[in-house]
Amino acid sequence: MGENGRDSRKAILEAAREGFATKGFYGTSMDYITRNAGVSKGAVYWYFPGKWEVYKTVVSDEAERLKRIVLPPGVELTRGEALDFFLTKGEQLIGLFADDTICRLLFVYLQLEAMRGRDEMAEFLTSLRESITEDVISVMQTAYPEGAFSVLGISQREFVNMFMSVLGGIVLNI
């Protein structure tokens with residue numbers, strides 16, 4: 001793919017990111033995306049089969065960006081540094097959501113649509129949460145063996161899910 005192709009795809013995703021955040025999935029048309037990206041509909045369909053795939057790409061890319069901030073590649077933690085690391089990264093993530101309105105709105109919208117019973121949104125949100133949970137657990141396992149949470153009466157997965165639920169609540173309330 002040439003430089004022009006990468007630029008077109010990037011423009012499509014940037015226009016879609018803004019549209020999905022400000023107008024939601026259902027309020028963002030392919031016309032809006034093409035107009036704001038400065039490309040033809042054919043260009044959008046060259047890269048994506050439809051609007052749903054554009055949406056999933058935008059939100060997945062955003063989730064990956066956040067995951068790289070919270071869990072930089074190759075991070076390994078000792079037991080002594082893990083708690084401070086996760087608290088610091090949690091604060092950093094909350095600050096990012098507070099500062100980046102578009103990012104925050106993308107995830108608020110996804111959560112709200114999932115809560116409204118939109119099956120495809122709920123399934124997508126579940127798959128994103130599961131992916132993030134697995135990544136966090138793999139980092140936690142180096143510092144905290146599975147049994148370390150038994151004194152709390154929960155598993156590592158339950159601990160991470162509680163953290164993500166609290167974070168989701170904070171994001172909804174920012």
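Eleven salt bridges turn up in a search of the whole structure. The model is a predicted one. Its chain holds eight helices and zero strands.

**Salt bridges**

- Side chains of opposite charge can pair when their charged atoms come close.
- Arg-65 is partly exposed, because its relative accessibility is 27%.
- Glu-62 has a relative accessibility of 6%, so this residue counts as buried.
- Arg-118 and Glu-113 also join their side chains in a salt bridge, at 2.8 Å from N to O.
- Arg-118 has 36% relative accessibility and therefore counts as partly exposed.
- Glu-113 is buried, because its relative accessible area is 4%, under the 20% cut-off.
- Arg-157 pairs with Glu-134 in a salt bridge whose closest N and O atoms are 2.5 Å apart.
- Arg-157 belongs to helix α8, while Glu-134 belongs to helix α7 (residues 119-143), so this pair ties together parts that lie 23 residues apart in sequence.
- Arg-157 is partly exposed at 32% relative accessibility. Glu-134 is partly exposed too, at 33%.
- One network brings together Arg-17, Glu-62, Arg-65 and Asp-100, through salt bridges that share partners.

**Helix α5 against helix α8**

- Helix α5 spans residues 79-99, and helix α8 spans residues 156-173.
- The two pack at an angle of about 30 degrees, and their axes are 10 Å apart.
- That angle makes α5 roughly parallel to α8, because angles under 35 degrees count as roughly parallel.
- The crossing of α5 past α8 is right-handed.
- On the α5 side, Gly-90, Leu-93, Ile-94 and Phe-97 make the contact. On the α8 side, the contact residues are Phe-163, Leu-167, Ile-170 and Val-171.
- By class, this contact of α5 with α8 has seven nonpolar residues, one polar residue and no charged ones.

**Helix α6 against helix α8**

- Helix α6 covers residues 101-115.
- The axes of α6 and α8 come within 10 Å and cross at roughly 110 degrees.
- The two helices are therefore roughly perpendicular to each other, because that term takes in angles from 65 to 115 degrees.
- α6 and α8 cross in a left-handed sense.
- Arg-104, Val-108 and Gln-111 form the α6 side of the contact. Gly-168, Val-171 and Leu-172 form the α8 side.
- The residues in the contact of α6 with α8 are three nonpolar, two polar and one charged.
- Val-171 of α8 takes part in the contact with α5, and Val-171 is also listed in the contact with α6.

- Ala-16 lies in helix α1, which runs over residues 3-27.
- Is Ala-16 buried or exposed? Ala-16 is buried, because its relative accessible area is 0%.
- Which residues does Ala-16 touch, leaving aside those up to four places away in sequence? They are Ile-33, Val-54 and Val-58.
- Ala-16 and Thr-126 are 110 residues apart along the chain, and their C-alpha atoms are separated by 22 Å.

**The chain as a whole**

- Read from the N terminus on, the elements run α-α-α-α-α-α-α-α.
- The C-alpha atoms fill a box of roughly 55 × 40 × 25 Å along the principal axes.
- The chain has 174 residues, and 43% of them count as buried.
- Among contacts in the chain with a separation of 6 or more, 64% come from residues 24 or more positions apart.

How values were computed
Residues are numbered from 1 along each chain as its sequence is written. This is a predicted model: local features need pLDDT of at least 70, side-chain atom pairs count only at pLDDT 80 or more; totals for chains, interfaces and linings use all residues. Side-chain values use heavy atoms; hydrogens and water are left out. Axes are lines fitted to C-alpha atoms, for helices over the stretch in contact, and angles run from 0 to 180 degrees between N-to-C directions. Helices (H or I, at least four residues) and strands (E, at least two) are DSSP runs, numbered from the N terminus. Angles under 35 degrees count as roughly parallel, over 145 as roughly antiparallel, 65 to 115 as roughly perpendicular and the rest as oblique. A crossing is left-handed if the near helix is turned anticlockwise from the far one by less than a right angle, and right-handed if clockwise. Contact means heavy atoms within 4.5 Å. Ala, Val, Leu, Ile, Met, Phe, Trp, Tyr, Cys and Pro count as nonpolar, Asp, Glu, Lys and Arg as charged, and the others, Gly among them, as polar. A salt bridge is a side-chain nitrogen of Lys or Arg within 4 Å of a carboxyl oxygen of Asp or Glu. Buried means under 20% relative accessible area, exposed over 50%, partly exposed in between (1.4 Å probe, protein chains only).
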